[in-house]
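Open the model in your viewer and keep the sequence panel beside it. Each stop below tells you what to select next and what to look for there.

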Amino acid sequence: MNDNYMITGTESTMTPGLQVFTKTEVKKGRSKAIRVAAYCRVSTNLEAQKSSLEIQMSAYERIIHQHPGWKLAGIYTDRGLSGTAASRRVQFQKMIEDAKAGKIDYIIAKSTSRFARNTVDTLKYTRMLREWGVGVYFEEQKIDTGSITSEMLLTIHAAFAQEESHSISENLKRGVRSRFAMGIPKWSTTYGYRRISNDVWEPYEPEAAVVRRIFDMYLDGHKLPEIVQALENDGIPGPGKKNIWFAHSLSTILHNEKYIGDVAMQKDYTIDHMTHKRKRNRDASVTRYYRKDHHTPIIDRKTFADVQVMLEMNDPHKGAIQYPFYGTLRCPFCGEKMVAVSLPSRWHHQAWTCGGPSSEKVLRSERTSCPQFFVKNFYVVEGVVDAFRNLCRNLQEKPGSDFVAKQEKHKDRVMRGEVHYMFLLDLVESISFREGEDGKVRWDTLVVRWKCQAETTGHIEYRRASEIPVTKDSAELRGMVYYANGEPTNGQTNAYYSVQGLFEFCDKLMIHESFADEKVGSMSSVGILIPAVLAPTTTKVGFEGEVKYEGAKAARNK
Ligand SMILES: [Zn+2]
């Protein structure tokens with residue numbers, strides 16, 4: 001028999017002897033009480049708000065207990081959150097889940113604005129709840145979603161609540177911005193610092209020591225994953241809740257101007273107060289502020305500036321792969337800076353070519369009339385190491401000089417074949433190739449001018465003839481074999497397309513001038529222009545010697 005009704009049989013009063021069966025609804029007893037939940041929310045962590053929350057909670061508890069036929073299904077509270085993104089309201093989400101699981105029959109909330117902060121959300125959740133048979137009562141608006149006609153009212157009230165939320169976040173924004181304009185930054189958790197009071201931030205030595213170590217290691221040429229490994233090996237807990245180090249957390253630290261005591265304000269801004277979506281403020285759509293010497297630095301300005309240059313030269317997201325030779329490696333034809341480029345997929349190598357004089361022009365062919373050529377990075381390193389070896393053999397400098405001290409400092413690493421930025425910065429004036437007596441460039445001899453006025457050469461042993469930098473006038477096609485510098489290249493058809501392809505590729509190289517304006521470090525203290533060279537992406541190599549490059553990256557940057 002069903003729980004909800006019972007069938008009673010009685011004898012008909014009209015026709016004696018006739019049994020009449022009727023269905024009677026069973027009235028539910030106290031155990032079938034309506035389970036009522038309450039939802040409370042305060043939007044800040046202020047003491048006043050906290051006590052108001054407690055008052056609200058106890059009021060709801062009392063109301064539910066005193067109401068006949070009601071039973072408390074739980075009080076759900078969220079606090080200290082701005083409330084515009086419903087997904088972050090943990091207790092609210094739990095309440096929705098409990099309602100879905102059939103644990104709640106009815107919900108009481110103070111007002112539509114406390115329930116959800118925009119019309120769409122309010123309607124979404126109340127409709128959802130109604131589908132599960134759960135009604136919501138909004139105390140302030142006296143709306144019961146159990147009755148269908150209330151939807152209209154609800155829409156209107158929710159719309160008002162949304163407008164209110166918008167103005168609150170606008171006010172908040174204005175407040176923070178006017179503080180920025182007065183040079184008062186907003187504290188955000190920064191590894192290495194602790195906030196003593198609102199405007200007083202102090203280095204926290206255990207973490208500050210780690211920050212110094214990170215900068216030193218990076219300056220010393222270590223890659224980010226190597227630094228992560230070193231920190232993990234020493235059991236140093238990382239920043240953030242999980243205490244794990246990531247390459248990107250190191251990158252954030254290395255870029256952060258707070259470590260030199262400065263604060264950049266309005267680095268990003270909120271574009272949508274409903275989703276809290278933020279946008280990088282690179283173009284200063286919103287006024288940016290920069291305050292120098294705001295607090296005690298952890299890193300000196302020179303170290304920071306050098307690190308910024310290294311980061312810039314090494315940032316593949318910007319198409320910059322200029323590390324470490326940009327600035328020192330010079331074109332053998334015109335003496336301008338050479339730029340690094342990733343050769344198309346077939347070559348899988350980083351190589352250097354003439355970047356021409358700095359100009360607004362983007363295509364390499366428009367910037368320079370130098371012959372097209374590529375020297376693989378690998379061979380430049382080889383030549384520099386050999387030149388360093390020759391320097392060590394023949395150096396006339398007196399022992400103990402500044403130059404010799406720096407030379408000693410870098411010696412071990414360079415002898416191991418590791419050339420990095422600080423070595424070049426400390427010791428090298430310029431690097432180029434020698435011109436032979438016939439006026440042609442000797443690609444196998446690298447000339448390094450050292451900062452002590454000495455000059456040594458390094459020998460380069462190319463593994464394949466096709467790797468020797470080829471210029472158009474030194475290349476010729478005989479039959480199906482391509483001859484570079486008078487020597488046949490190793491392949492046949494492929495080599496033809498590869499050498500031909502290089503020339504085409506070179507013409508289409510996009511060279512972009514500095515990204516310096518994007519970064520405070522580069523603006524104020526570094527002032528070195530780092531170009532990004534964007535290589536066109538290979539999409540098709542035609543069979544009639546026609547090579548097409550569809551510049552995906554180039555198109556994106558137009
Ligand atoms: Zn040149």
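Select strand β15, residues 350-354, together with β16; the two pair in the antiparallel sense over two bridges. This is a predicted model. Now pick Trp 352: its bridge partner in β16 is Val 375.

Next, go to strand β18, residues 441-450. Five bridges join β18 to β19, and the two run antiparallel. Val 447 stands opposite Thr 457 in β19. Follow the chain through the hairpin of β18 and β19, where four residues lie between the strands. Stop at Gln 453, which takes a positive phi near 80°.

Stay on β19, residues 455-459, and show its side chains. Which residues make up the covered face, and which the uncovered one? Thr 456 and Gly 458 are on the covered face. Glu 455, Thr 457 and His 459 are on the uncovered face.

Last stop: helices α6 (residues 205-219) and α8 (residues 247-255). Their axes come within 10 Å and cross at roughly 95°. That makes α6 roughly perpendicular to α8. Show Val 211, Ile 214, Phe 215 and Tyr 218 in α6; they meet Leu 250, Ile 253 and Leu 254 in α8. By class, this contact of α6 with α8 has seven nonpolar residues, no polar ones and no charged ones.

Technical notes: Residues numbered from 1 in each chain as written. Predicted model: local features only at pLDDT ≥ 70, side-chain atom pairs only at ≥ 80, totals over all residues. Heavy atoms only, no water. Axes fitted to C-alpha atoms, helices over the stretch in contact; angles between N-to-C directions. Parallel < 35°, antiparallel > 145°, perpendicular 65-115°, else oblique. Contact = heavy atoms within 4.5 Å. Nonpolar A, V, L, I, M, F, W, Y, C, P; charged D, E, K, R; others polar. Pairing = 2+ DSSP bridges. Buried < 20%, exposed > 50% of the residue type's maximum accessible area, 1.4 Å probe, protein only.
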